Amino acid sequence: MDLKDSGSVVLTAYHSFTPSRIHLAEESYAPLATTHSPVSRKVQHRVLTRMSATGAMPPSPPERSVSRDSQDSMEDYWSEVRNIEEDCQGGQEEMIERSSMDEVELEEAWLHEAGLSTLVSGTLTDSPAEALLSTLTRSQAAMVKKRLDNYTQTMRKRNKQPIRHVRDVFSTADTSTAEHTPPVSSNGQIAPKLPHWTPPKARQPCQAFRPVESSVKECQMEVYILSFEEPYSEGVTAHRKGRDCHDCQRIRKGDKDLPKFQIVTPKQGLTRVHDLSSEDIKKIACISLIELTTFYDALGIELKRNRMVRSKARETGIFGVPLTTLLENDQKKFPGSKVPLVFKKLLSKLEQTGLQTEGILRVPGSASRVKHLRQELDTKFYEDRFDWEQVRHNDAAGLLKMFIRELPHPLLTQQHMPAFTAAQNISSPKHQLQALHLLILLLPEVNRDTLKALLEFLNKVVAYEEKNRMSLWNVSMIVAPNLFTSRDKTTRQEEMQGAAGAAHLVRLLIIYQDLLWTVPCFLISHVRKMNEAAMSKKTPSSEKTKRKLLRRRNTDREKEKSEVTDLREGVIRVQAPLHAKVSMAIQLDNETRACDVMARFDFENGQGSRSLSRRQKCFLFEVGGNIGERCLDPDTHLLEVYRVNPHCEWILKSRTT
């Protein structure tokens with residue numbers, strides 16, 4: 001049938017993915033029957049059109065229900081793909097040839113991101129890598145050894161001598177299991193005296209749980225407990241040993257409703273990403289990569305990486321400009337900005353005018369108007385001459401999605417996109433959530449903050465479902481092509497096959513976003529051990545430094561004596577530079593929480609006074625010791641923190657200080 005014969009041929013192409021076929025993709029993510037030649041989106045669209053018109057699509061299996069969120073069709077997804085294609089027809093979309101890494105490049109890139117690049121550079125002595133290695137679990141250390149061994153073997157095949165052999169870093173007494181891999185010393189020999197962190201045994205679930213807040217309506221369902229005390233890779237030992245996984249048997253991603261998870265509230269308090277210092281977050285990212293690789297390996301998933309392609313990125317304007325460049329420009333006017341200002345403006349415009357509009361995000365704006373507004377934003381935004389009153393809500397939605405698509409590097413990053421895609425193939429939603437949790441912690445700060453702003457907005461859209469007719473599944477289908485669409489020449493068929501899986505991941509990101517931006521306790525324990533190991537390895541470099549260090553040690557020794565007395569009595573001293581009463585000794589007991597200290601200071605400085613109402617809200621921080629800085633959750637039990645970090649300072653201050 002010729003395209004001119006029917007105006008509805010395009011719709012027929014997308015309706016060719018019948019509800020029953022999409023159910024199969026949602027439940028098992030089986031690949032669709034498509035060709036494997038690299039083609040452009042427009043060619044794929046024509047192929048699907050001809051297949052639909054001639055009845056060439058394979059027969060559909062029996063219909064099965066997937067979810068109550070109108071998941072009986074992927075029509076919104078394919079409609080959004082068509083809109084993207086139409087937007088790209090007028091412009092010249094740069095196609096990037098995907099190039100996979102060879103073995104050496106892959107391992108070098110992995111070791112570099114994991115903070116272990118010194119293992120192949122020959123400068124391990126007194127490096128952060130040594131401190132990191134001393135904190136790994138046996139499974140994690142075995143994974144590092146596996147990656148380093150692979151690097152060594154590949155270098156030998158190339159007739160190149162590796163700078164450091166794997167035997168110089170890890171013991172080779174028993175290479176058959178991961179259960180006997182010790183840490184290393186600075187001279188490359190086995191160092192049994194180095195601290196070796198063993199993961200704590202999983203605690204019995206306590207009675208106080210903190211549910212993940214979400215505005216999405218959920219029916220009554222079984223609640224599943226998610227503990228942050230134990231590394232995720234240790235919780236999937238059944239997969240590693242070839243046994244059936246209890247979590248995979250209980251929960252499957254084909255269930256009608258997503259499971260409801262509740263977090264076991266640790267006594268040391270929940271920690272969000274923005275509660276930690278930037279230096280500690282960098283260490284969290286290194287450990288998260290090692291943990292994610294170990295976790296995927298236990299599940300039988302190969303963690304692939306894309307080569308970082310250096311594409312020509314614009315340095316001026318708005319669209320096609322890297323997030324880091326936009327943020328640097330914004331911080332010149334607004335110090336402390338975390339999300340590009342234009343992105344926040346678009347979200348704000350949609351929240352003001354479009355949350356209750358039927359079809360928000362789904363109904364596209366005028367293509368000519370969006371193109372005109374795009375040009376004006378590029379030239380007038382930073383000159384404060386852009387008129388936001390002329391922007392309609394459909395225009396703002398189109399500009400928002402266009403901004404995400406035209407980023408020179410994907411919001412989820414080019415190198416980690418395969419890991420996000422691989423999460424679609426995990427059978428249990430619990431394990432999928434754990435994989436996404438580690439991936440979020442791996443993202444660069446600006447990408448993570450921008451993604452969080454987007455997800456918070458999408459959650460608000462779903463909250464107005466009764467008025468805007470946009471369910472969680474509808475929103476996920478529309479956002480997925482914009483987040484997971486790649487400009488690689490060879491990934492078009494993969495995008496078609498993974499449509500339902502991509503929408504499912506977006507659904508998980510939206511509904512569990514508060515949980516995903518929480519830092520697990522086992523990662524914070526890693527950071528504490530890393531800092532302690534790094535401090536114990538510091539050596540003076542000169543006589544002057546030695547004398548200075550000796551005087552400091554004598555002072556610290558006297559301080560430790562007083563601290564021992566305080567420790568026996570359970571007393572801490574809290575500094576509050578922004579309060580009239582700048583210091584206060586607090587007697588701790590098993591029930592003393594951070595909110596109690598905050599309330600005590602407010603009371604001492606005049607409860608309800610005018611000065612108190614004007615003052616910024618203050619939070620209690622633990623600073624120094626074995627942590628850089630951590631803002632304590634109000635429900636944190638201070639005695640527990642005092643026991644794991646007895647040498648920290650306690651400071652009451654605002655987040656912006």
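**Entry 1: helix 13 and helix 15**

I began with helix 13 (residues 341-353) and helix 15, which pack at an angle of about 150° with their axes 9 Å apart. I am working from a predicted model, in which local features need pLDDT of at least 70 and side-chain atom pairs count only at pLDDT 80 or more, while totals for chains, interfaces and linings use all residues. Residues are numbered from 1 along each chain as its sequence is written, and side-chain values use heavy atoms, with hydrogens and water left out.

For my own reference, helices (H or I, at least four residues) and strands (E, at least two) are DSSP runs numbered from the N terminus. Axes are lines fitted to C-alpha atoms, for helices over the stretch in contact, and angles run from 0 to 180 degrees between N-to-C directions. I count angles under 35 degrees as roughly parallel, over 145 as roughly antiparallel, 65 to 115 as roughly perpendicular and the rest as oblique. Helix 13 and helix 15 are therefore roughly antiparallel to each other.

I noted that helix 13 passes helix 15 in a left-handed crossing, a term used if the near helix is turned anticlockwise from the far one by less than a right angle, with right-handed used if clockwise. For the contact, meaning heavy atoms within 4.5 Å, I listed Val342, Phe343, Leu346, Leu347, Lys349, Leu350 and Thr353 from helix 13, which meet His393, Ala396, Ala397, Leu399, Leu400, Phe403 and Ile404 from helix 15. By class, I find 11 nonpolar, 2 polar and 1 charged residues in the contact of helix 13 with helix 15. Here Ala, Val, Leu, Ile, Met, Phe, Trp, Tyr, Cys and Pro count as nonpolar, Asp, Glu, Lys and Arg as charged, and the others, Gly among them, as polar.

**Entry 2: helix 17 and its partners**

I next looked up helix 11 (residues 278-298) and helix 17 (residues 429-442), whose axes are 8 Å apart and which pack at an angle of about 150°. Helix 11 and helix 17 are therefore roughly antiparallel to each other, and their crossing is left-handed. On the helix 11 side I wrote down Ile284, Ala285, Ser288, Leu289, Glu291, Leu292, Phe295 and Tyr296, and on the helix 17 side His431, Gln434, Ala435, Leu438, Leu439, Leu441 and Leu442. The residues of this contact of helix 11 with helix 17 divide into 11 nonpolar, 3 polar and 1 charged.

I then followed helix 17 to helix 22 (residues 499-511), where the axes come within 11 Å and cross at roughly 75°. Helix 17 and helix 22 are therefore roughly perpendicular to each other. In this pair, Gln432, Leu436 and Ile440 of helix 17 meet His504, Leu505, Leu508 and Leu509 of helix 22, and the residues of the contact divide into 5 nonpolar, 2 polar and no charged.

**Entry 3: positive phi values**

I looked up Thr413, which has a positive phi of about 75° although it is not a glycine, and placed it in the loop between helix 15 (393-405) and helix 16 (417-422). Thr413 is buried, with a relative accessible area of 5%; buried means under 20% relative accessible area, exposed over 50% and partly exposed in between (1.4 Å probe, protein chains only).

Arg469, in the loop between helix 19 (465-468) and helix 20 (472-484), has a phi near 60°, again a positive value in a residue other than glycine. Arg469 is exposed, with a relative accessible area of 52%.

I also checked helix 5 (residues 103-113), in which Val104, Leu106, Glu107, Ala109, Trp110, Leu111 and Glu113 are buried. Just after helix 5, Gly115 takes a positive phi of about 80°.

I located Glu230 in the loop between strand 2 (223-226) and helix 9 (237-240) and noted that, at 28% relative accessibility, Glu230 counts as partly exposed. Glu230 and Pro520 are 290 residues apart in sequence and 8.6 Å apart in space, C-alpha to C-alpha. Not counting residues up to four places away in sequence, Glu230 touches Gly235 and Phe522.

Asp87 lies in helix 4 (residues 75-89) and is partly exposed, with a relative accessible area of 39%. The C-alpha atoms of Asp87 and Lys371, 284 residues apart along the chain, are separated by 9.0 Å.

**Entry 4: the whole protein**
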